[in-house]
Amino acid sequence: MTDDTSTGSVTAEGGSVSSEGGSVTADAVREHAIRDTPLSERIEAILLIIDEPIGLVALAAAVGSPVPAVRQTIETLVEDYDGRGQGPRRGFELREVGGGWRLYVRDDHDDLVAEFVGGQAPARLSQAALETLAVIAYKQPVTRSQVASIRAVNVDSVVRTLLARGLITELFADSETGAINYGTTDALLQHLGINSLDELPPISPLLDDGADGFDEGTIR
């Protein structure tokens with residue numbers, strides 16, 4: 001479809017908008033529209049979907065803005081969520097962990113959230129959740145990417161499920177990468193009816209060569 005006028009033309013073929021001054025691609029139009037969105041909204045959109053803390057440089061690249069502007073907006077959001085801006089304090093906070101930023105439920109509401117999630121959780125874990133839980137139990141402390149590498153599948157949703165069930169917990173963030181390291185909780189020991197992880201059955205007999213997918217020092 002082509003609509004020519006004396007001032008320029010709009011051409012469907014090629015996805016471009018042309019005029020006497022030149023041409024603009026559809027991608028450029030979309031990018032311009034994104035950049036017209038307030039920076040705070042773009043940052044919040046990214047913060048809502050990430051599973052691990054994101055550094056300022058990576059966040060700036062994601063939202064297409066300079067690092068100083070992103071840093072200033074982050075500081076403003078922190079104050080806003082903490083109730084030091086014009087609105088009330090929120091039930092969540094923006095926290096810097098391991099050199100990155102991520103949204104967290106406030107400690108005041110841990111019991112409330114745990115009770116709600118526990119009531120919503122299904123009675124049984126899926127096969128994928130059980131496999132992921134086994135990897136974390138034997139390999140801990142272990143990051144999400146390490147678990148994904150061992151299982152050769154994406155484990156993001158499964159890890160969230162295990163966190164929600166209280167079977168695993170965030171132990172610490174890697175000082176260099178900011179990646180969260182996970183481990184099991186006392187709740188898992190209670191479900192398994194054991195007192196410590198030392199009582200887990202040896203994993204070596206269950207593997208083809210006794211080491212596949214696990215570091216030598218972690219094999220029981």
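In which sense do β7 and β9 pair, and over how many bridges? In this predicted model, the two strands run antiparallel to each other and are joined over two bridges. One spot to look for is V142, which stands opposite Y182 in β9.

That pairing belongs to a bigger picture. Three strands make up an open sheet, lined up in the order β7-β9-β8, with antiparallel pairing. The edges are taken by β7 (142–143) and β8 (168–173), each of which pairs on one side only. As a reminder, strands of a sheet pair through backbone hydrogen bonds, either parallel or antiparallel.

On the β8 side, five bridges link β8 to β9 (residues 180–184), again in the antiparallel sense. Here T169 is found opposite G183 in β9. The hairpin of β8 and β9 has six residues between the strands, and G178 takes a positive phi near 80° in this hairpin.

So how well covered is β9? Five of its five residues are buried. In a regular strand, side chains alternate between the two faces of the sheet.

D111 counts as exposed because its relative accessibility is 65%, and the cut-off for exposed is over 50%.

How values were computed: Residues are numbered from 1 along each chain as its sequence is written. This is a predicted model: local features need pLDDT of at least 70, side-chain atom pairs count only at pLDDT 80 or more; totals for chains, interfaces and linings use all residues. Side-chain values use heavy atoms; hydrogens and water are left out. Buried means under 20% relative accessible area, exposed over 50%, partly exposed in between (1.4 Å probe, protein chains only). Two strands pair if DSSP finds at least two bridges between them. Helices (H or I, at least four residues) and strands (E, at least two) are DSSP runs, numbered from the N terminus.
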